Amino acid sequence: MTCVVDARELRYRYPGHHEALCGIDLRVEHGERVALLGPNGAGKTTFMMHLNGLLLGEGELEVAGLRVGKDTLKALRASVGVVFQDPDDQLFMPTVREDVAFGPLNMGLDHSEVSKRTEQALGKVRMMHVVDRPPYQLSMGERRRVAIATVLAMEPSLLVLDEPSANLDPRARRELLEVLETIDRTMIVTTHDLPLAAELCERAVILAAGRIVADGPCHDVLADTELLMAHDLELPAGFDLGAIRRRPRERSAAIVHEHA
Amino acid sequence: MSGLCNHSLELTGLAGAPDSRAHHLDPRAKIVGLLSITIVAVSAPLEFWPVYAVCLAVLGAYAAVARVRPRDVWRRVRVVLPLVLVVGALVPFVRKGGAAYDLGLLTAHAAGLEVCLAVSAKAIIGTLSAALLGMTTTFPAVLRGLEALRVPRLFVLIAAFMYRYLFVIVEEMGRMRAALVSRGYNPRNALQAGPMGRMATAMFLRTFSRGERVYHAMLARGYDGTMPQLVPLSFGRVDAGFIAAVLLVIVPLRLIEVAP
């Protein structure tokens, strides 16, 4: 079975800075939802930017069956959908429709296919009603969902979300979580929002100072209070992990089967 | 969205009856038609003032077709017009020639007065044209029209980004201003304007790094240097008719140089 992400000894150093990634080894299988946890400056965003070749580090990295390098960038960006932390960085076109169509048009699809994908993607995040509005008129929660639609329209095999619940009020966060739970994609979610990770992901990886320090079932990792504290992470006071009823994950089984 | 943003940018967007014939014209027809009016007016010297009158009449007819209320027109032109008119009003006191009128401390001259009248008439016509274009055409449509008229893509792209991020920057400025005021900053004279300069520097640095993040988000969705276009424009007979009608009324008048 092929995997979606296969990183071996991945290293990266920002010019003039210390090493941001110090040898990452990570495999993500089809259908998995992985929470990438860690304090600020741990290298989460740096790692995320390697997944679609925005940064090119040393070591080996294969994503969606493609070896990451200058020659595979075009195909890579069609296969890996990255949703950035600030939706204002992601939504730059004058209307929501044009923004969601931006990726599919860059892929060279014809206009009828682009319109179909635009509507499907907006339908999936329940934002079809804002299709002709400019992004700046939307609330933060709406912008975040439209930002997700902009990459869903490219039908990527891997969805990467950077801090998806940052700056959202509880209701917008809940709506976002409901939307994410319906999306059938392999997902990597970088976040500090541990309850979100517990609800959405079955696996958690902790990154600290550019290294992976923990990797296992999400609930086991989050139940290890000492491990969390050692890496500046903590669940909200009184949060009961056992209270989160995980839904059956037939979805993942279907995707795994498809790619087996 | 902050109140400040709504307040400062409420004068953008359509006005009048969105289903009017003027609103439905192809943006290229409106850009060419209204720009021709401005060019003809600006190129006409004061002694051919009937040209100004006809230009104003054409603009009035266009506004009537678009069912734009005079109040809406006034609310928009009053933002720009006073600045231009103030400059025009200074000319009679600076430019010498012709009869002199003693006004106590200052002396106005006839030659300067003529320049003042010509500048004011041209400014009014130019501002009205631009305001009417903005009231009958959405900004994205204006951008598409400019692109179709072969305006260099880089300029159109810069205009599109300025429009998109204007709202984000205004919000950011509002927040920074609120932060200054809430720490007791209340400048009484120019010497206390230092923090405003530092605020401008911070704004520059923030917008610079945002530019880089937006570019990354564009690359992540397959951007390769050319902006894809979603909705092709359609230029019909009515559009050609509009341009022909405008040009037929104003151009001959300008060419034969009708003087009263």
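Start with chain B: of its contacts with a separation of 6 or more, 76% are between residues 24 or more positions apart. Two residues are in contact if their C-beta atoms, placed from the backbone, lie within 7 Å. This is a predicted model, in which local features need pLDDT of at least 70 and side-chain atom pairs count only at pLDDT 80 or more, while totals for chains, interfaces and linings use all residues. Residues are numbered from 1 along each chain as its sequence is written, and chains are lettered from A and ligands numbered from 1 in the order in which they are written.

**Chain B**

Keep chain B selected and colour by secondary structure. There are ten helices and two strands, in the order α-α-α-α-α-β-β-α-α-α-α-α along the sequence. Helices (H or I, at least four residues) and strands (E, at least two) are DSSP runs, numbered from the N terminus. The C-alpha trace of chain B spans about 60 × 60 × 30 Å along its principal axes. Chain B has 260 residues, of which 27% count as buried. A residue is buried if 20 or more other C-beta atoms lie within 10 Å of its own, exposed if 12 or fewer, and partly exposed in between, with C-beta atoms placed from the backbone.

**Where the chains meet**

Now show both chains. The contact takes 27 residues from chain A and 23 residues from chain B. On the chain A side, α2 (73–79), α3 (87–90), α4 (96–106) and α6 each supply at least two residues. Helix α4(A) gives the most, with seven residues. By class, this side of chain A divides into 14 nonpolar, six polar and seven charged residues. Here Ala, Val, Leu, Ile, Met, Phe, Trp, Tyr, Cys and Pro count as nonpolar, Asp, Glu, Lys and Arg as charged, and the others, Gly among them, as polar.

**Helices α4 and α6 of chain A**

Select α4(A) and α6(A). Their axes come within 7 Å and cross at roughly 35°; axes are lines fitted to C-alpha atoms, for helices over the stretch in contact, and angles run from 0 to 180 degrees between N-to-C directions. From α4(A), the residues A:V96, A:D99, A:V100, A:F102 and A:G103 meet A:V146, A:A149, A:T150 and A:V151 of α6(A). Six nonpolar, two polar and one charged residues make up this contact.

**Helix α7 of chain A**

Next, select residues 170–181 of chain A. At 1.5 Å a residue, the twelve residues of α7 should span 16 Å, and the end C-alpha atoms are 16 Å apart, which agrees. The expected span is 1.5 Å times one less than the number of residues. Which residues of α7(A) are buried? They are A:L176, A:V179 and A:L180.

**A:T72**

Move to A:T72, in the loop between β5 (66–67) and α2 of chain A. It has 17 C-beta neighbours inside 10 Å and therefore counts as partly exposed. Not counting residues up to four places away in sequence, A:T72 touches A:L66 and A:R67.

**Confidence**

Finally, colour chain A by pLDDT, the predictor's confidence in each residue, from 0 to 100. The average is 88, and 93% of the residues score at least 70. Among the elements of chain A, helix α11 (residues 250–259) has the lowest mean pLDDT (46) and strand β3 (residues 33–37) the highest (96).
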